[in-house]
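Thanks for coming, everyone. Please put the structure up on the screen, and I will walk you through it.

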Amino acid sequence: MSGAGFAGPPTSDEERVVLHVDMDCFYAACERRREPTLRGKPVVVGMGYEAGEPHGAVATASYEAREHGVESAQPISQALEALPRAETAPDDHDGPVGHYRPVDMAYYREVSDEIRAILHGVADAVREVSIDEAYLDVTDRVGWHSVEVFASSLKERIDEEIGVPASVGVGPNMSVAKVASDYDKPDGLVVVEPAEVREFLAPLPVEELHGVGPVTARELRGMGVGTAGDLASADRDALVSRFGARGGTIHDHARGRDPRPVEPVGKPKSLSSESAFTEPTDAFDAVCERLLRLADEVVERTESRDALYKTIGIKVVRPPFDVNTRERSLSGPVADADLVESVVLDLAEEFEGETVRKLGVRVSNLTFAEGTQAPLDEWEGEREGGVGAEDGLDEGEARSEGPDRDDGRSEHDRPADRARGQTTFVDFT
Ligand code: DCP
Ligand code: MG
């Protein structure tokens, strides 16, 4: 995964492939999943709704119900005017009817968990932003030439295995991917390659951009800015003086730029750095040299924050998208640059002679010396356990190789010896 969670300068947009997955009319789709006779019919899911009652608000409506003006946040009473209850519609009613169901969060969360397991299996970094929505960084898994097939099979898989439809947008960053997934809902699949971004965004109304709500959109219109294209060519200083830092962000989004890495939401606990070769190489000395540089970068940042780490790992990407991760856990937290270097080189050994296009180094299981505090934005998130990047194991199913074969010892005092603990395949985000 490029850029995601990495402490160095943000990777340029062109180097990333980001998916935004957003389920279609999610709660309604879940209701249809357990009640298939509702498929193709107007379904309204009400928050605070009880069968037969007019109270509550619409949480979501199926696209068939939306055609009749029913939408999220509307009072159920209003929805009932557009779509009378199917069960009690008068016999002489020949218009459309609606199937109303109360919200059942526990069930929707179950479905969401199943979807999440699939998403974590196909991406190197996943940012779950809501019950039905996530960003995926798949840079190391797929190139632009085949991402449409990749995204399409992901959609199919979710539909077949879980039984709910998704829309997927693909772009060089989160902001573009999000606009792309919204663009052709429901059942959409929109791929916006880096070279097409500006052209794709330009005609869209400003409110379709990530970060532009109705109030900002109104203000922008007052400034003569109606489309993303207008916003892209607007004066940045004027936007910043009007909207503060957010003015710069929406200007960036209108220009198709968004440097935010795809990183998990939640408490960050690891630090990593990665780097790609201009041309893949099988020169092992070049690989080692690059790994040592990355190790230095990572160590420097841990030192500046008085951080200790318990796990040291590398990532080796073979062309085109063969991601290999190895890590070793120490018996206790350390801060030891030499140890990082030796573990990294040790882990790299098995790749001698292999052709490599990208490398990464990560320390994780961080703890901080007393009295120091890590600024949150400096840290990447970390998932518990981790996914076997190579085989798509579920989260939490990190697969252990067991103790290193060349060293059965486990109880040693020196960190270098302690480092010879377990090597594990991990999801390296
Ligand atoms: N939701 C809610 N109240 C809202 C908006 C949404 O309770 N005002 C719930 C119901 C949705 C779920 O969150 O099913 C996901 O929100 P989305 O905005 O993704 O809406 P949908 O998935 O329903 O529809 P879409 O196909 O537009 O994504
Ligand atoms: Mg949705």
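Start at Cys25, which is found in the loop between β1 (18-23) and α1 (26-34). A quick word on those labels: helices (H or I, at least four residues) and strands (E, at least two) are DSSP runs, numbered from the N terminus. The phi of Cys25 is near 30°, a positive value in a residue other than glycine. Most residues other than glycine have a negative phi, and most peptide bonds are trans. Is Cys25 buried or exposed? Buried means under 20% relative accessible area, exposed means over 50%, and partly exposed is in between, with a 1.4 Å probe and protein chains only. Cys25 has 7% relative accessibility, so it counts as buried.

Before we go on, some ground rules. This is a predicted model: local features need pLDDT of at least 70, side-chain atom pairs count only at pLDDT 80 or more, and totals for chains, interfaces and linings use all residues. Residues are numbered from 1 along each chain as its sequence is written, chains are lettered from A and ligands numbered from 1 in the order in which they are written, and side-chain values use heavy atoms, with hydrogens and water left out.

Asn365 has a phi near 55°, and Asn365 is not a glycine either. Asn365 sits in the loop between β12 (356-364) and β13 (367-368). Its relative accessibility is 36%, so Asn365 counts as partly exposed.

Next, the cis peptide bonds. One runs from Lys185 to Pro186, with omega near -10°. Pro186 lies in the loop between α6 (174-183) and β8 (189-191). Another cis bond runs from Pro319 to Pro320, with omega near -5°. Pro320 lies in the loop between β10 (307-318) and β11 (322-334).

Step back to the whole chain. It has 14 helices and 16 strands. Of its 429 residues, 50% count as buried. Now contacts, meaning heavy atoms within 4.5 Å. Take the contacts with a separation of 6 or more: residues 24 or more positions apart account for 66% of them.

On to a sheet. Which strands form it, and in what order? Five strands make an open sheet, in the order β5-β6-β1-β7-β8, with mixed pairing. The edge strands are β5 (125-130) and β8, and each pairs on one side only. Two strands pair if DSSP finds at least two bridges between them. Neighbouring strands here are turned by 15° against each other on average, direction ignored. Axes are lines fitted to C-alpha atoms, for helices over the stretch in contact, and angles run from 0 to 180 degrees between N-to-C directions. Helix α4 (residues 105-122) packs on this sheet, where it touches β1, β5 and β6 (133-137). The direction of α4 makes about 150° with that of β5.

Look at β7, residues 166-171. On one side, 6 bridges join β1 to β7, and the two run antiparallel. Val21 stands opposite Val168 there. Then 3 bridges join β7 to β8, and that pair runs parallel. Val168 stands opposite Leu189 in β8, and Gly169 has Val190 as its bridge partner. How many residues of β7 are buried? The answer is 6 of 6. Ala166, Val168 and Val170 are buried on one face, and Ser167, Gly169 and Gly171 on the other. In a regular strand the side chains alternate between the two faces of the sheet.

Now the inside. A nonpolar core is a set of buried Ala, Val, Leu, Ile, Met, Phe, Trp, Tyr and Cys residues joined through side-chain atoms within 4.5 Å. The largest one has 37 residues, and Leu19, Val21, Ile115, Leu136, Leu154 and Ile158 touch the most other members. Helix α4 gives the most to this core, with 7 residues. Apart from it lies another core of 28 residues, among them Val287, Val298, Ile314 and Ala348.

Last stop: helix α8 (residues 214-222), whose buried residues are Thr216, Ala217 and Leu220. They cover an arc of only 100° around the axis, so they lie on the same side of α8. That arc uses the directions from the helix axis to the C-beta atoms. On the other side, Pro214, Val215, Arg218 and Gly222 are exposed. The cover over the buried residues includes α9 (228-232), α10 (236-243) and α11 (245-254). After α8 comes Gly224, with a positive phi near 85°.
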